[in-house]
Amino acid sequence: MQRKIRLTPVRFLVLGYLAIILIGAILLVLPPSSKIDGGAPFMDALFTAVSASCVTGLILHDTYLYWSPLGQVVILILIQMGGIGFMTVVFTLWKIGGKKIGLKERMFMQESVNAPVVGGMMRLTMTILIGTLIFEALGAFVLCFRFVPDFGWGKGIWFAVFTSVSAFCNAGFDLMGATGEEFASLTAYSGDPIICIAIPLLIIIGGLGFFVWDDLKEHKFRFRKCALHTKLVLVTTAVLIVVPTVIIIIAENGLPWQERILSSFFTAVSPRTAGFNVLPLSGTGAVKEAVIFTTILLMFVGGSSGSTAGGIKTNTFATLCLSLLSLLTGKRSVECFGRRIDEENVKNAQQFVTLYLLLACAAVIVICLLEQNNPTVTSLTDVVFEVFSAIGTVGLTLGITPTLCIGSEIILAFLMYLGRVGCLTFMLSLRTPNEPAAALPMEKVRIG
């Protein structure tokens with residue numbers, strides 16, 4: 001007798017993103033969605049759909065020059081659903097349609113946004129939706145002051161809306177191909193106060209996480225009363241903005257001071273995990289190696305749990321750092337802000353980072369083997385940068401993605417998907433619980 005597969009919340013999340021990707025790919029492959037005769041090849045449409053729904057930003061073709069206005073709208077919808085979580089949209093539609101929201105639906109929503117408890121899902125959903133609309137609308141309004149004078153009212157407003165949504169959802173897609181230069185991102189606005197302040201603020205707010213919003217709102221921005229998760233996220237985020245900004249200011253010493261400060265701030269924020277850039281990462285005038293390495297580290301960390309960002313997450317990074325600190329100070333438990341962090345949380349953080357790094361290393365090796373004869377792949381740094389950009393759902397590139405073979409594209413697409421649904425979440429979706437009848441004998445091994 002065939003065994004029935006149980007649709008757990010984890011599996012529902014994994015399959016839900018797959019469904020969104022396939023629907024997006026089908027819509028993008030239609031002839032009206034692109035500016036080329038006969039429509040886009042399916043692999044190009046699929047890669048773009050994965051990148052948009054997983055809010056990454058890695059692209060094979062310039063978004064403005066290759067995709068039609070209809071295709072751009074499809075991409076924007078995929079970005080929005082991927083950013084706030086597709087279950088947030090489904091949950092809202094269920095409520096509008098009068099469907100009773102039971103425990104099962106709340107569990108699906110909890111898994112989608114990585115909520116700690118099932119309770120309060122409707123309130124959290126409303127916070128996500130209303131907060132998203134407010135921040136994206138404010139961002140679009142501010143960006144209009146730059147894009148409308150440059151592109152006119154119609155294009156300017158559309159570019160402002162598209163860029164605001166893409167920034168808030170940490171996606172990194174842009175329409176700057178309208179300037180005539182492919183893959184230019186926002187390099188034309190290096191040192192521009194509106195671009196270099198508004199977009200990073202959108203990225204930061206989107207990357208803080210929905211629980212941090214909710215916690216700050218509940219406690220009226222009183223830091224002392226906030227949950228430990230919120231405190232860790234805020235402090236770690238601040239450190240990961242200030243320290244890289246200083247490093248980039250020192251490294252990029254050939255720019256005028258105002259441009260250097262604004263561009264350094266932008267470049268420190270964007271890798272976690274938006275994918276915009278105002279300083280060229282490759283070609284003429286490319287940033288220094290120190291900036292490239294700093295960017296890789298920032299892509300590795302990413303944003304915060306329950307946010308629009310990817311990476312291992314700031315709270316995971318903070319937990320590992322505190323775990324090392326407890327080892328150095330001889331403490332038996334991991335402590336912070338007068339609280340002990342649950343040992344299970346520390347264990348999960350270690351497992352997640354180990355899995356994350358193993359997948360990244362395996363992908364680097366395979367892509368290096370596949371691209372041995374690719375003249376555009378000139379160093380290991382090129383591949384490492386692209387892999388961490390994909391699995392961290394960042395979207396920054398050193399320019400090799402459009403030249404990769406289909407095998408490498410599939411690997412990057414899979415990494416983007418894993419980065420969005422979560423590596424551990426994907427593995428857990430394949431697992432069938434099977435507890436052993438008895439525990440095996442214990443034996444210690446030497447570590448270090």
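**Close-up views of a predicted model**

**Figure 1. Aspartate 62, a buried acidic residue without a salt bridge.** In this predicted model, aspartate 62 is buried and yet takes part in no salt bridge, since the nearest side chain of opposite charge, that of lysine 35, is 7.5 Å away. The residue sits in the loop that runs between helix H2 (42-53) and helix H3 (63-66). Its side chain reaches the backbone nitrogen of tyrosine 64 at 3.1 Å, and the side chain of aspartate 62 also reaches the backbone nitrogen of leucine 65 at 3.1 Å. When the neighbours within four places in sequence are left aside, the residues in contact with aspartate 62 are Trp67, Gly177, Glu181, Glu182 and Phe183.

**Figure 2. The salt bridge between aspartate 192 and arginine 146.** A search of the whole structure finds 2 salt bridges, and in the one shown here, aspartate 192 pairs with arginine 146, with the closest N and O atoms 2.8 Å apart. The pair links distant parts of the chain, for aspartate 192 belongs to the loop between helix H8 (153-168) and helix H9 (193-208), while arginine 146 belongs to helix H7 (residues 121-151), and the two are 46 residues apart. Both aspartate 192 and arginine 146 are buried.

**Figure 3. The salt bridge between glutamate 335 and lysine 331, with serine 326.** Glutamate 335 forms a salt bridge with lysine 331, and the closest N and O atoms of this pair are 3.6 Å apart. Glutamate 335 counts as partly exposed because its relative accessibility is 38%, and lysine 331 counts as partly exposed because its relative accessibility is 45%. Lysine 331 is also in contact with serine 326, whose contacts, leaving aside neighbours within four places in sequence, are Lys331, Ser333 and Val334. Serine 326 itself lies in helix H14 (residues 314-329), and it counts as buried because its relative accessible area is 9%.

**Figure 4. A nonpolar surface patch that includes phenylalanine 223 and isoleucine 250.** The patch covers about 740 Å² and is made by Phe223, Val235, Val239, Val242, Val243, Val246, Ile247, Ile250 and Phe337. Isoleucine 250 lies in helix H11 (residues 228-251), and it counts as exposed because its relative accessibility is 58%. Phenylalanine 223 is found in the loop between helix H10 (210-218) and H11, and this residue counts as partly exposed because its relative accessibility is 34%. Leaving aside its neighbours within four places in sequence, phenylalanine 223 is in contact with Lys231, Leu234, Val235 and Phe337. One of these residues, leucine 234, is 11 residues from phenylalanine 223 in sequence, and their C-alpha atoms are 9.3 Å apart in space.

**Figure 5. The whole protein, for orientation among the close-up views.** The protein has 18 helices and 2 strands, and buried residues make up 55% of its 448 residues. Among the contacts with a separation of 6 or more, 71% are between residues 24 or more positions apart. The protein exposes about 21400 Å², and carbon and sulfur atoms supply 66% of that area.

Note on methods: Residues are numbered from 1 along each chain as its sequence is written. This is a predicted model: local features need pLDDT of at least 70, side-chain atom pairs count only at pLDDT 80 or more; totals for chains, interfaces and linings use all residues. Side-chain values use heavy atoms; hydrogens and water are left out. Helices (H or I, at least four residues) and strands (E, at least two) are DSSP runs, numbered from the N terminus. Buried means under 20% relative accessible area, exposed over 50%, partly exposed in between (1.4 Å probe, protein chains only). Lys and Arg count as positive and Asp and Glu as negative; His and the chain ends are not counted. A salt bridge is a side-chain nitrogen of Lys or Arg within 4 Å of a carboxyl oxygen of Asp or Glu. A polar contact is a pair of N or O atoms within 3.5 Å; within protein, one must be able to donate a hydrogen and the other to accept it, and residues adjacent in sequence count only if both atoms are side-chain atoms. Contact means heavy atoms within 4.5 Å. Patches are made of residues with over 30% relative accessible area and no salt bridge: like charges are joined within 9 Å, nonpolar side chains (Val, Leu, Ile, Met, Phe, Trp, Tyr) within 5 Å. Accessible areas come from the Shrake-Rupley method with a 1.4 Å probe; for residues, only the protein chains shown count as cover.
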